[in-house]
Amino acid sequence: MARLKINSVQMKTTELTKLLWQAVNESDLMPLSEAEARLYTVVHLGVMAYEDEVRLGHPAPERRCMMCGVLVSQCCC
Ligand SMILES: [Zn+2]
């Protein structure tokens, strides 16, 4: 993983996020356990923070809202 170029890592994290939400959506009829839901949240936030870091070239100063994707200070969800 560490040896991959940044672009392919970025693509993979985006794909991972899609797969995660697909899995979450498909589980509507079979609700996630609290632990599973927490895991998805943590992984999603981690992926979003990582994508910001890749794009900005340094760690993002603030995390983004999971619902709307804007910085939490500007979020009105
Ligand atoms: Zn929001």
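The part to look at is the segment after α2, with Met 66 in it.

Reply: This is a predicted model, in which local features need pLDDT of at least 70 and side-chain atom pairs count only at pLDDT 80 or more, while totals for chains, interfaces and linings use all residues. Residues are numbered from 1 along each chain as its sequence is written.

The protein chain has two helices and zero strands, where helices (H or I, at least four residues) and strands (E, at least two) are DSSP runs numbered from the N terminus. Helix α2 covers residues 34–56, and because its 23 residues should span 33 Å at 1.5 Å a residue, the 33 Å between its end C-alpha atoms agrees; the expected span is 1.5 Å times one less than the number of residues. Just after α2 comes Gly 57, with a positive phi of about 85 degrees.

Met 66 lies in the segment after α2, and it counts as partly exposed because it has 14 C-beta neighbours inside 10 Å. Here a residue is buried if 20 or more other C-beta atoms lie within 10 Å of its own, exposed if 12 or fewer, and partly exposed in between, with C-beta atoms placed from the backbone. Leaving aside neighbours within four places in sequence, Met 66 is in contact with His 44 and Leu 45, contact being C-beta atoms, placed from the backbone, within 7 Å.

Gln 74 is also in the segment after α2, and it counts as exposed because it has 10 C-beta neighbours inside 10 Å. Between Gln 74 and Arg 64, 10 residues apart in sequence, the C-alpha to C-alpha distance is 9.1 Å.

Conventions. Contact = placed C-beta atoms within 7 Å.
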